[in-house]
There are 2 protein chains.
Amino acid sequence: MNTYTFDEINIGHKEDFTVTVTEADRDRFREITGDINPLHNDPKFAKSKGHDKCVAFGMLSASYLSTLAGVYLPGKNSLIQKTEVNFRKPVYVGDTLTISGEVTDKSETFNVIEVKVLITNQDGVKVVKGKMEIAVVE
Amino acid sequence: MNTYTFDEINIGHKEDFTVTVTEADRDRFREITGDINPLHNDPKFAKSKGHDKCVAFGMLSASYLSTLAGVYLPGKNSLIQKTEVNFRKPVYVGDTLTISGEVTDKSETFNVIEVKVLITNQDGVKVVKGKMEIAVVE
């Protein structure tokens, strides 16, 4: 886990990590949230909506922003203030995602960093684009 | 689970539901995301950051937006396009949250509804404010 202070982080600083979305993750996300929408576990229903297989929860992909901030950028001193997430292409169970963040701005007054987020799948397809504001609490 | 069509949803339509954040939910969220930040499971560390107890993951609270869209508004025909989440006050394990959504706009061209989101805790404190754009896929 990174332990960057506000001063150690510069505009342009990048971090990334990789995760594979498993069936177990999908099931645990449903248990946590109670989101029983069949798009995520009924292949027939998913097909009726134009998908070859079940779509992973969009907000499951968004959950990895928690890790990006809390473990990587800035890591231990992280306190997320704001997130903005655009779902551009579907994520499927079995996909391997790369979650990347790049610091685009720093607010000295509040010790807040602004991070541009991009999630791509194993084929390089941009599945999620986003933005975070993260306080660095030392 | 609701099955609203685009035409059945009017501006001002409201839906809400209630959920209690358990330790098991917190632990499952960590397993899914790999976010091992000690703010969420080390009371001593949480205290050093000014909290009486461990803070629940912000993105765990954000996850309930999945349920708001996929089960309630519009329910079965939901496809989330965009979310925006502001974390205003900390959420703790044991808190009972009310997640509410209200339709603020409709885009006829793309069958998209815009939903204002508010999450309050058992004391009526606004812990999360947000916004979603959700396609109604019939």
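B:Y72 is partly exposed, because its relative accessibility is 24% and the buried class ends under 20%. This is a predicted model, so keep that in mind for what follows.

What does B:Y72 pair with? Its partner is B:F17, and the two rings are stacked, with 4.8 Å centre to centre and 5° between the planes. B:F17 belongs to strand β1, residues 14–20 of chain B, while B:Y72 belongs to helix α3, residues 58–72 of that chain, so the pair ties together parts 55 residues apart in sequence. B:F17 itself counts as buried, at 7% relative accessibility.

Over all chains, there are four aromatic pairs.

Next, charges over rings. In chain A, A:K106 lies over the face of A:F6, 4.3 Å from the ring centre. In chain B, the charged end of B:K106 sits over the ring of B:F6, at 4.2 Å from its centre.

Last, the two chains. How is chain B superposed on chain A? A rotation of 180° does it, with 0.0 Å of shift along the axis and an RMSD of 0.0 Å. That is the relation of a two-fold axis. The C-alpha of chain B nearest that axis belongs to B:E84, 2.2 Å away. The same surface serves both copies, as 100% of the contact residues of chain B recur in chain A.

Methods
Residues numbered from 1 in each chain as written. Chains lettered and ligands numbered in written order. Predicted model: local features only at pLDDT ≥ 70, side-chain atom pairs only at ≥ 80, totals over all residues. Heavy atoms only, no water. Least-squares fit on C-alpha atoms with pLDDT ≥ 70 in both. Contact = heavy atoms within 4.5 Å. Phe/Tyr/Trp six-rings, centres within 6.5 Å; stacked < 30°, edge-to-face > 60°. Helix = DSSP H or I, 4+ residues; strand = E, 2+ residues; numbered from the N terminus. Buried < 20%, exposed > 50% of the residue type's maximum accessible area, 1.4 Å probe, protein only. Lys NZ or Arg CZ within 6 Å of the ring centre and 35° of its normal.
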